[in-house]
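This report covers selected local features of one protein model. Please view the sequence and structure below before reading on.

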Amino acid sequence: MKAQIAVIPGDGIGPEVVEQALLALDKVGERFGHEFTYKTALAGGCAIDAAGTPLPQETLEICKASDAVLLGAIGGWKWDSLPGDQRPERGLLGLRAGLALFANLRPAVLFEELADACPLRPELVAGGLDLVVVRELTGGIYFGERGRKDTPTGRAAFDVELYSEGEVRRIAEVAFSLAMKRRKRLTSVDKANVLESSRLWREVVTDVAKGYPEVALSHLYVDNAAMQLVSSPKQFDVIVTNNMFGDILSDEASIITGSIGMLPSASLAQGNFGLYEPVHGSAPDIAGQDKANPMAAILSIAMMLRYTFGLGSEADAVEAAVQSVLRKGFRTGDIHRGEASLTLVGTREAGQLIAGEI
Ligand code: IPM
Ligand code: MG
(Lines give C-alpha, C1' and ligand atoms only; values in the text may rest on other atoms or scores of the structure.)
(Ligands and ions follow the chains in the order given, each with its own letter.)
Protein backbone atom coordinates (compact mmCIF):
# COMPACT_ATOMS: atom_id res chain seq x y z
CA MET A 1 0.00 0.00 0.00
CA LYS A 2 1.09 3.57 -0.69
CA ALA A 3 -0.18 6.48 1.37
CA GLN A 4 0.58 10.13 1.98
CA ILE A 5 0.35 11.49 5.51
CA ALA A 6 0.11 15.15 6.42
CA VAL A 7 2.31 15.72 9.47
CA ILE A 8 1.63 18.63 11.79
CA PRO A 9 4.30 18.54 14.50
CA GLY A 10 2.88 21.68 16.19
CA ASP A 11 4.27 23.16 19.40
CA GLY A 12 6.11 22.16 22.57
CA ILE A 13 6.79 18.43 22.72
CA GLY A 14 4.75 17.89 19.52
CA PRO A 15 7.73 17.74 17.15
CA GLU A 16 9.75 15.31 19.27
CA VAL A 17 6.93 12.80 19.81
CA VAL A 18 5.93 13.03 16.15
CA GLU A 19 9.50 12.19 15.14
CA GLN A 20 9.28 8.93 17.11
CA ALA A 21 5.81 8.16 15.76
CA LEU A 22 7.11 8.46 12.21
CA LEU A 23 10.03 6.21 13.07
CA ALA A 24 7.48 3.59 14.13
CA LEU A 25 5.48 4.10 10.94
CA ASP A 26 8.61 3.76 8.80
CA LYS A 27 9.33 0.46 10.55
CA VAL A 28 5.80 -0.74 9.82
CA GLY A 29 6.36 0.19 6.18
CA GLU A 30 9.62 -1.74 6.07
CA ARG A 31 8.30 -4.82 7.80
CA PHE A 32 4.95 -5.10 6.01
CA GLY A 33 5.93 -3.64 2.65
CA HIS A 34 4.00 -0.35 2.63
CA GLU A 35 5.21 3.01 1.44
CA PHE A 36 4.34 6.01 3.60
CA THR A 37 5.30 9.49 2.47
CA TYR A 38 5.04 12.60 4.61
CA LYS A 39 4.14 16.23 3.99
CA THR A 40 4.83 18.56 6.89
CA ALA A 41 2.47 21.43 7.64
CA LEU A 42 2.15 24.20 10.22
CA ALA A 43 -0.63 24.74 12.74
CA GLY A 44 -0.91 26.29 16.18
CA GLY A 45 1.59 28.62 17.82
CA CYS A 46 4.39 27.93 15.36
CA ALA A 47 2.00 28.85 12.52
CA ILE A 48 1.11 32.11 14.28
CA ASP A 49 4.82 32.92 14.45
CA ALA A 50 5.59 31.90 10.88
CA ALA A 51 2.41 32.87 9.03
CA GLY A 52 0.42 35.09 11.38
CA THR A 53 -2.47 32.63 11.69
CA PRO A 54 -2.94 29.39 13.69
CA LEU A 55 -4.23 27.57 10.60
CA PRO A 56 -2.76 28.65 7.27
CA GLN A 57 -4.89 27.78 4.23
CA GLU A 58 -1.94 25.78 2.88
CA THR A 59 -2.13 23.44 5.88
CA LEU A 60 -5.77 22.63 5.18
CA GLU A 61 -4.91 22.01 1.53
CA ILE A 62 -2.07 19.65 2.46
CA CYS A 63 -4.37 17.73 4.83
CA LYS A 64 -7.13 17.45 2.23
CA ALA A 65 -4.65 16.15 -0.32
CA SER A 66 -3.42 13.46 2.10
CA ASP A 67 -4.87 10.13 3.23
CA ALA A 68 -4.51 10.87 6.95
CA VAL A 69 -3.11 13.48 9.32
CA LEU A 70 -0.74 13.03 12.24
CA LEU A 71 -0.69 15.90 14.73
CA GLY A 72 1.69 16.38 17.66
CA ALA A 73 0.34 19.04 20.00
CA ILE A 74 -0.72 22.64 19.80
CA GLY A 75 -0.35 25.65 22.11
CA GLY A 76 1.97 27.04 24.76
CA TRP A 77 2.54 29.89 27.23
CA LYS A 78 3.96 32.11 24.54
CA TRP A 79 0.57 32.52 22.86
CA ASP A 80 -1.63 32.40 25.97
CA SER A 81 -2.35 36.12 26.08
CA LEU A 82 -3.65 36.36 22.49
CA PRO A 83 -7.39 37.09 22.03
CA GLY A 84 -9.69 34.03 21.71
CA ASP A 85 -10.00 33.97 17.95
CA GLN A 86 -6.23 34.19 17.40
CA ARG A 87 -5.11 31.55 19.87
CA PRO A 88 -3.33 28.36 18.76
CA GLU A 89 -6.42 26.32 19.78
CA ARG A 90 -8.31 28.01 16.92
CA GLY A 91 -5.99 26.08 14.63
CA LEU A 92 -7.20 22.82 16.11
CA LEU A 93 -10.87 23.79 15.93
CA GLY A 94 -10.32 24.98 12.36
CA LEU A 95 -8.82 21.62 11.41
CA ARG A 96 -11.76 19.77 12.98
CA ALA A 97 -14.31 21.91 11.15
CA GLY A 98 -12.34 22.24 7.89
CA LEU A 99 -11.76 18.50 7.61
CA ALA A 100 -15.26 17.56 8.92
CA LEU A 101 -13.78 15.41 11.69
CA PHE A 102 -17.03 14.80 13.51
CA ALA A 103 -16.15 11.64 15.44
CA ASN A 104 -13.49 11.76 18.10
CA LEU A 105 -12.41 8.42 19.58
CA ARG A 106 -10.54 8.64 22.87
CA PRO A 107 -9.67 5.25 24.32
CA ALA A 108 -8.75 5.07 28.00
CA VAL A 109 -6.86 1.88 28.63
CA LEU A 110 -5.14 0.96 31.86
CA PHE A 111 -2.05 -0.98 30.82
CA GLU A 112 -1.43 -3.92 33.14
CA GLU A 113 2.20 -2.80 33.52
CA LEU A 114 1.09 0.64 34.69
CA ALA A 115 -1.66 -0.40 37.09
CA ASP A 116 0.15 1.36 39.97
CA ALA A 117 -0.23 4.69 38.20
CA CYS A 118 -4.02 4.58 38.50
CA PRO A 119 -5.19 7.03 41.18
CA LEU A 120 -8.23 4.85 42.05
CA ARG A 121 -8.21 2.08 44.62
CA PRO A 122 -6.92 -1.16 43.02
CA GLU A 123 -10.20 -3.05 43.60
CA LEU A 124 -12.07 -0.53 41.44
CA VAL A 125 -9.95 -1.35 38.40
CA ALA A 126 -9.04 -4.96 39.14
CA GLY A 127 -8.66 -6.86 35.88
CA GLY A 128 -7.93 -3.70 33.90
CA LEU A 129 -9.86 -0.87 32.36
CA ASP A 130 -10.65 -0.49 28.69
CA LEU A 131 -13.17 2.09 27.60
CA VAL A 132 -13.49 4.55 24.76
CA VAL A 133 -15.15 7.94 24.72
CA VAL A 134 -16.78 8.78 21.39
CA ARG A 135 -17.06 12.55 21.38
CA GLU A 136 -19.03 14.54 18.82
CA LEU A 137 -16.41 16.98 17.57
CA THR A 138 -17.78 19.48 15.08
CA GLY A 139 -21.07 20.60 16.61
CA GLY A 140 -22.70 21.80 19.79
CA ILE A 141 -21.58 24.71 21.92
CA TYR A 142 -18.05 24.72 20.46
CA PHE A 143 -19.39 25.79 17.09
CA GLY A 144 -22.76 27.37 17.94
CA GLU A 145 -23.63 31.02 17.72
CA ARG A 146 -21.79 33.09 20.32
CA GLY A 147 -21.60 36.69 21.26
CA ARG A 148 -21.68 39.49 23.74
CA LYS A 149 -24.36 42.00 24.54
CA ASP A 150 -24.79 44.97 26.77
CA THR A 151 -27.73 44.68 29.09
CA PRO A 152 -29.16 47.21 31.55
CA THR A 153 -27.39 45.38 34.38
CA GLY A 154 -24.03 45.09 32.64
CA ARG A 155 -22.21 42.92 30.11
CA ALA A 156 -23.51 39.50 29.11
CA ALA A 157 -22.22 36.71 26.86
CA PHE A 158 -23.72 33.60 25.32
CA ASP A 159 -22.72 30.37 23.53
CA VAL A 160 -25.46 28.31 21.91
CA GLU A 161 -25.69 24.52 22.13
CA LEU A 162 -27.44 23.33 18.98
CA TYR A 163 -27.58 19.80 17.58
CA SER A 164 -29.39 18.65 14.48
CA GLU A 165 -30.88 15.18 14.25
CA GLY A 166 -28.39 14.33 11.49
CA GLU A 167 -25.41 15.26 13.63
CA VAL A 168 -26.60 13.09 16.51
CA ARG A 169 -27.47 10.21 14.20
CA ARG A 170 -24.05 10.03 12.53
CA ILE A 171 -22.09 10.09 15.82
CA ALA A 172 -24.47 7.51 17.30
CA GLU A 173 -23.86 5.26 14.27
CA VAL A 174 -20.09 5.48 14.86
CA ALA A 175 -20.53 4.65 18.55
CA PHE A 176 -22.86 1.70 17.95
CA SER A 177 -20.60 0.21 15.26
CA LEU A 178 -17.64 0.54 17.58
CA ALA A 179 -19.57 -1.10 20.42
CA MET A 180 -20.37 -4.00 18.07
CA LYS A 181 -16.62 -4.61 17.64
CA ARG A 182 -16.07 -4.45 21.41
CA ARG A 183 -18.08 -5.61 24.42
CA LYS A 184 -21.40 -4.39 22.96
CA ARG A 185 -22.20 -1.93 25.73
CA LEU A 186 -22.95 1.69 24.93
CA THR A 187 -23.60 4.50 27.41
CA SER A 188 -25.02 7.71 25.98
CA VAL A 189 -24.32 10.71 28.18
CA ASP A 190 -26.52 13.80 28.15
CA LYS A 191 -28.33 16.27 30.40
CA ALA A 192 -31.85 15.43 29.24
CA ASN A 193 -33.36 16.37 32.59
CA VAL A 194 -32.56 20.01 31.81
CA LEU A 195 -31.49 20.64 28.21
CA GLU A 196 -33.72 20.44 25.14
CA SER A 197 -30.70 19.65 22.96
CA SER A 198 -30.07 16.65 25.21
CA ARG A 199 -33.69 15.49 24.89
CA LEU A 200 -33.30 15.41 21.11
CA TRP A 201 -29.94 13.65 21.57
CA ARG A 202 -31.58 10.93 23.66
CA GLU A 203 -34.50 10.47 21.24
CA VAL A 204 -32.20 10.08 18.26
CA VAL A 205 -29.74 7.74 20.02
CA THR A 206 -32.69 5.58 21.14
CA ASP A 207 -33.89 5.46 17.56
CA VAL A 208 -30.48 4.50 16.14
CA ALA A 209 -30.33 1.71 18.77
CA LYS A 210 -33.12 -0.13 16.86
CA GLY A 211 -30.54 -0.98 14.21
CA TYR A 212 -28.21 -2.53 16.81
CA PRO A 213 -30.31 -4.95 18.88
CA GLU A 214 -27.19 -6.70 20.20
CA VAL A 215 -25.83 -3.55 21.83
CA ALA A 216 -26.98 -2.86 25.40
CA LEU A 217 -27.70 0.87 25.45
CA SER A 218 -28.01 2.90 28.62
CA HIS A 219 -28.38 6.63 29.22
CA LEU A 220 -26.68 8.62 31.96
CA TYR A 221 -26.90 12.25 32.93
CA VAL A 222 -23.49 13.84 32.66
CA ASP A 223 -23.16 14.62 36.38
CA ASN A 224 -23.90 11.01 37.22
CA ALA A 225 -21.54 9.80 34.48
CA ALA A 226 -18.71 11.91 35.94
CA MET A 227 -19.33 10.26 39.30
CA GLN A 228 -19.65 6.72 37.94
CA LEU A 229 -16.41 7.06 36.01
CA VAL A 230 -14.49 7.22 39.26
CA SER A 231 -16.75 5.07 41.44
CA SER A 232 -17.26 2.13 39.05
CA PRO A 233 -15.29 2.70 35.86
CA LYS A 234 -15.33 -0.95 34.78
CA GLN A 235 -19.01 -0.79 33.81
CA PHE A 236 -18.08 1.28 30.75
CA ASP A 237 -17.27 0.00 27.29
CA VAL A 238 -18.21 2.75 24.81
CA ILE A 239 -19.42 6.19 25.93
CA VAL A 240 -21.02 8.50 23.35
CA THR A 241 -21.59 12.14 24.11
CA ASN A 242 -21.62 15.69 22.80
CA ASN A 243 -18.65 17.95 22.15
CA MET A 244 -18.58 19.71 25.53
CA PHE A 245 -19.36 16.74 27.79
CA GLY A 246 -16.90 14.67 25.76
CA ASP A 247 -14.16 17.21 26.34
CA ILE A 248 -14.66 16.98 30.09
CA LEU A 249 -15.32 13.26 30.47
CA SER A 250 -12.42 12.26 28.22
CA ASP A 251 -9.99 14.10 30.49
CA GLU A 252 -11.50 12.37 33.50
CA ALA A 253 -11.36 8.99 31.78
CA SER A 254 -7.75 9.53 30.74
CA ILE A 255 -6.47 10.42 34.17
CA ILE A 256 -7.91 7.31 35.76
CA THR A 257 -5.47 5.38 33.62
CA GLY A 258 -2.80 7.39 35.41
CA SER A 259 -0.81 8.02 32.30
CA ILE A 260 -2.08 10.67 29.94
CA GLY A 261 1.27 10.29 28.14
CA MET A 262 0.05 6.90 26.91
CA LEU A 263 -3.25 7.79 25.31
CA PRO A 264 -3.86 8.18 21.57
CA SER A 265 -6.90 9.59 19.80
CA ALA A 266 -8.55 9.53 16.41
CA SER A 267 -10.77 12.20 14.87
CA LEU A 268 -12.65 10.73 11.97
CA ALA A 269 -14.54 12.13 9.01
CA GLN A 270 -17.12 10.25 6.98
CA GLY A 271 -15.21 7.56 5.05
CA ASN A 272 -11.71 6.56 6.09
CA PHE A 273 -10.06 9.93 6.51
CA GLY A 274 -8.86 10.80 10.00
CA LEU A 275 -6.59 12.98 12.09
CA TYR A 276 -4.60 11.18 14.77
CA GLU A 277 -3.03 12.80 17.78
CA PRO A 278 -1.86 12.03 21.29
CA VAL A 279 -4.35 13.14 23.96
CA HIS A 280 -1.66 14.98 25.94
CA GLY A 281 -0.92 18.63 25.29
CA SER A 282 2.22 20.48 24.23
CA ALA A 283 3.86 20.37 27.71
CA PRO A 284 6.09 23.43 27.15
CA ASP A 285 7.81 22.84 30.51
CA ILE A 286 9.61 19.76 29.19
CA ALA A 287 9.78 20.60 25.46
CA GLY A 288 13.08 19.97 23.73
CA GLN A 289 14.53 18.08 26.70
CA ASP A 290 14.11 14.51 25.43
CA LYS A 291 11.76 13.80 28.36
CA ALA A 292 8.35 13.47 26.69
CA ASN A 293 6.65 10.10 26.41
CA PRO A 294 6.28 9.27 22.69
CA MET A 295 3.97 6.31 23.34
CA ALA A 296 0.69 8.23 22.89
CA ALA A 297 1.90 9.51 19.50
CA ILE A 298 3.08 6.03 18.52
CA LEU A 299 -0.23 4.49 19.62
CA SER A 300 -1.96 7.16 17.51
CA ILE A 301 -0.12 5.62 14.54
CA ALA A 302 -1.69 2.29 15.50
CA MET A 303 -5.13 3.92 15.39
CA MET A 304 -4.32 5.43 11.98
CA LEU A 305 -3.29 2.03 10.63
CA ARG A 306 -6.48 0.47 11.98
CA TYR A 307 -9.10 3.11 11.15
CA THR A 308 -7.84 4.90 8.03
CA PHE A 309 -5.85 2.13 6.35
CA GLY A 310 -7.71 -0.94 7.62
CA LEU A 311 -4.37 -2.54 8.52
CA GLY A 312 -5.29 -4.46 11.68
CA SER A 313 -2.19 -6.67 11.93
CA GLU A 314 0.09 -3.66 11.46
CA ALA A 315 -1.81 -1.80 14.20
CA ASP A 316 -1.53 -4.84 16.49
CA ALA A 317 2.23 -4.93 15.85
CA VAL A 318 2.64 -1.32 16.96
CA GLU A 319 0.57 -1.85 20.11
CA ALA A 320 2.41 -5.05 20.93
CA ALA A 321 5.75 -3.24 20.51
CA VAL A 322 4.72 -0.56 23.03
CA GLN A 323 3.52 -3.19 25.47
CA SER A 324 6.71 -5.18 25.08
CA VAL A 325 8.91 -2.16 25.83
CA LEU A 326 6.83 -1.53 28.97
CA ARG A 327 7.08 -5.16 29.96
CA LYS A 328 10.85 -5.00 29.65
CA GLY A 329 10.75 -2.24 32.25
CA PHE A 330 11.51 0.87 30.19
CA ARG A 331 9.72 4.04 31.31
CA THR A 332 9.80 7.71 30.39
CA GLY A 333 9.72 10.20 33.27
CA ASP A 334 5.93 10.60 33.37
CA ILE A 335 5.43 6.92 34.20
CA HIS A 336 8.60 6.35 36.24
CA ARG A 337 8.30 6.92 39.96
CA GLY A 338 11.83 6.17 41.00
CA GLU A 339 11.39 2.36 40.98
CA ALA A 340 14.86 0.83 41.05
CA SER A 341 13.66 -2.13 38.96
CA LEU A 342 12.65 0.10 36.03
CA THR A 343 14.86 1.85 33.49
CA LEU A 344 14.28 5.55 32.91
CA VAL A 345 14.56 6.43 29.21
CA GLY A 346 14.21 9.59 27.14
CA THR A 347 11.91 10.27 24.19
CA ARG A 348 14.40 9.10 21.59
CA GLU A 349 15.45 5.95 23.35
CA ALA A 350 11.82 4.99 23.98
CA GLY A 351 11.05 5.55 20.29
CA GLN A 352 14.04 3.51 19.16
CA LEU A 353 13.17 0.64 21.47
CA ILE A 354 9.61 0.54 20.14
CA ALA A 355 10.78 0.74 16.52
CA GLY A 356 13.15 -2.12 17.29
CA GLU A 357 10.30 -4.25 18.62
CA ILE A 358 8.23 -3.58 15.51
C1 IPM B 1 -9.25 18.74 23.61
C2 IPM B 1 -8.82 20.11 24.01
C3 IPM B 1 -9.42 21.11 23.04
C4 IPM B 1 -10.93 21.01 23.15
C5 IPM B 1 -8.96 22.56 23.21
C6 IPM B 1 -7.46 22.66 23.20
C7 IPM B 1 -9.58 23.47 22.21
O8 IPM B 1 -9.16 20.36 25.33
O9 IPM B 1 -8.95 18.33 22.47
O10 IPM B 1 -9.89 18.06 24.41
O11 IPM B 1 -11.53 21.63 24.04
O12 IPM B 1 -11.52 20.29 22.36
MG1 MG C 1 -9.97 18.68 26.34
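The sections below take up a helix, a loop histidine and the cysteines.

## Helix H8

The model is predicted. Helix H8 runs over residues 243–255 and has 13 residues. At 1.5 Å a residue the helix should span 18 Å, and its end C-alpha atoms lie 19 Å apart, which agrees. At the start of H8, the backbone nitrogen of Met244 has a side-chain oxygen of Asn242 within 3.2 Å.

The buried residues of H8 are Asn243, Phe245, Gly246, Leu249, Ser250, Glu252, Ala253 and Ser254. Their cover includes four strands, S4 (103–110), S5 (129–136), S8 (185–190) and S10 (238–241). Helices H6 (196–209) and H7 (222–231) are also among the elements that cover these residues.

## His280

His280 sits in the loop that joins strand S12 (274–278) to helix H9 (295–307). Its relative accessible area is 10%, so His280 counts as buried, the limit being under 20%.

Beyond its neighbours within four places in sequence, His280 is in contact with Ile13, Val17, Ala73, Ile260, Gly261, Asn293 and Ala296.

## Cysteines

The count of disulfides is zero.

Cys46 is partly exposed, with a relative accessible area of 22%. Cys63 is buried, at 0%.

How values were computed. Residues are numbered from 1 along each chain as its sequence is written. Chains are lettered from A and ligands numbered from 1 in the order in which they are written. This is a predicted model: local features need pLDDT of at least 70, side-chain atom pairs count only at pLDDT 80 or more; totals for chains, interfaces and linings use all residues. Side-chain values use heavy atoms; hydrogens and water are left out. Helices (H or I, at least four residues) and strands (E, at least two) are DSSP runs, numbered from the N terminus. Buried means under 20% relative accessible area, exposed over 50%, partly exposed in between (1.4 Å probe, protein chains only). Contact means heavy atoms within 4.5 Å. The expected span of a helix is 1.5 Å times one less than its number of residues. A polar contact is a pair of N or O atoms within 3.5 Å; within protein, one must be able to donate a hydrogen and the other to accept it, and residues adjacent in sequence count only if both atoms are side-chain atoms. A disulfide is a pair of cysteine sulfur atoms within 2.5 Å.
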